[in-house]
Amino acid sequence: MSRKAITSTKGSVPSQGKVLRIGVIGTGAFAEQFHLPGLQSHPQAKVVAIAGRRPERLQSLATQFNIPDVYTDYHELCARTDLDAITIVTSNSEHAAQATAGFASGKHVFCEKPLATSVTQAQAAAFLASSSKGRYAATDRLDVWTSHDEMSSSVDEMKGGRAC
């Protein structure tokens, strides 16, 4: 299966030398095995917060990956003014609400497809994305990130963007 990123060209992005400060929403296997190690391996990405429903799992991942801040409410993570981006690693049914919170807070949003599970949700999220200062990026399979080069390409696309 091919992997294709989709990004918009709206919003400001960090300069090449700036580190992208990222919050991760989700604490499952994809977060632990792909997102967190991949993001942490990129020299211009720093995971500074993580959100999830289970406090014990949050603390375990925070310790394992040296993430300073944990949240049981993703709205609180999205409300942080020092984050540049969020990455969403949750069940499909949660993507639209979490992406909408990110867009509403002006964050860049990186999410595995699908953005939403209904046309209505997708339209609402797309409207918010188009009026947000952040960018939206999606990929059809984040589990294929098997190397630093693939993750670097994804972070670079988030920072640079290209037209949908």
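A pocket is an open set of grid points with protein on both sides within 12 Å along at least five of seven lines. This is a predicted model, and its largest pocket has a volume of about 260 Å³.

**The largest pocket**

- Rolling a probe the size of a water molecule over the atoms shows where empty space is left.
- In this model, 15 residues line the largest pocket.
- Nearest to the centre of that pocket lie Gly-26, Gly-52, Arg-53, Thr-90 and Gln-98.
- Sorted by class, the pocket lining holds eight polar, four nonpolar and three charged residues.

**Helices H1 and H2**

- Two packed helices are described by the angle between their axes and the distance between the axes.
- Helix H1 covers residues 29-41 and helix H2 covers residues 55-65; their axes come within 11 Å and cross at roughly 30 degrees.
- Angles under 35 degrees count as roughly parallel, so H1 and H2 are roughly parallel to each other.
- The crossing of H1 past H2 is right-handed.
- On the H1 side, Ala-29, Glu-32, Leu-36, Pro-37 and Gln-40 take part, meeting Arg-57, Leu-61, Gln-64 and Phe-65 of H2.
- This contact of H1 with H2 has five nonpolar, two polar and two charged residues.

**Helices H4 and H5**

- The axes of H4 (residues 92-104) and H5 (residues 119-131) come within 9 Å, crossing at roughly 15 degrees.
- That angle makes H4 roughly parallel to H5.
- H4 passes H5 in a left-handed crossing.
- Ala-96, Thr-100, Phe-103 and Ala-104 of H4 make the contact with Gln-121, Ala-125, Leu-128 and Ala-129 of H5.
- The contact of H4 with H5 includes six nonpolar and two polar residues, with no charged ones.

Note on methods:
Residues are numbered from 1 along each chain as its sequence is written. This is a predicted model: local features need pLDDT of at least 70, side-chain atom pairs count only at pLDDT 80 or more; totals for chains, interfaces and linings use all residues. Side-chain values use heavy atoms; hydrogens and water are left out. On a 1 Å grid over the protein atoms alone, a cavity is a set of points where a 1.4 Å probe fits but cannot get out, and a pocket is an open set with protein on both sides within 12 Å along at least five of seven lines; lining residues have an atom within 4 Å of a point. Grid points are joined across faces, edges and corners, and a volume is the space filled by probe spheres set on the points. Ala, Val, Leu, Ile, Met, Phe, Trp, Tyr, Cys and Pro count as nonpolar, Asp, Glu, Lys and Arg as charged, and the others, Gly among them, as polar. Axes are lines fitted to C-alpha atoms, for helices over the stretch in contact, and angles run from 0 to 180 degrees between N-to-C directions. Helices (H or I, at least four residues) and strands (E, at least two) are DSSP runs, numbered from the N terminus. Angles under 35 degrees count as roughly parallel, over 145 as roughly antiparallel, 65 to 115 as roughly perpendicular and the rest as oblique. A crossing is left-handed if the near helix is turned anticlockwise from the far one by less than a right angle, and right-handed if clockwise. Contact means heavy atoms within 4.5 Å.
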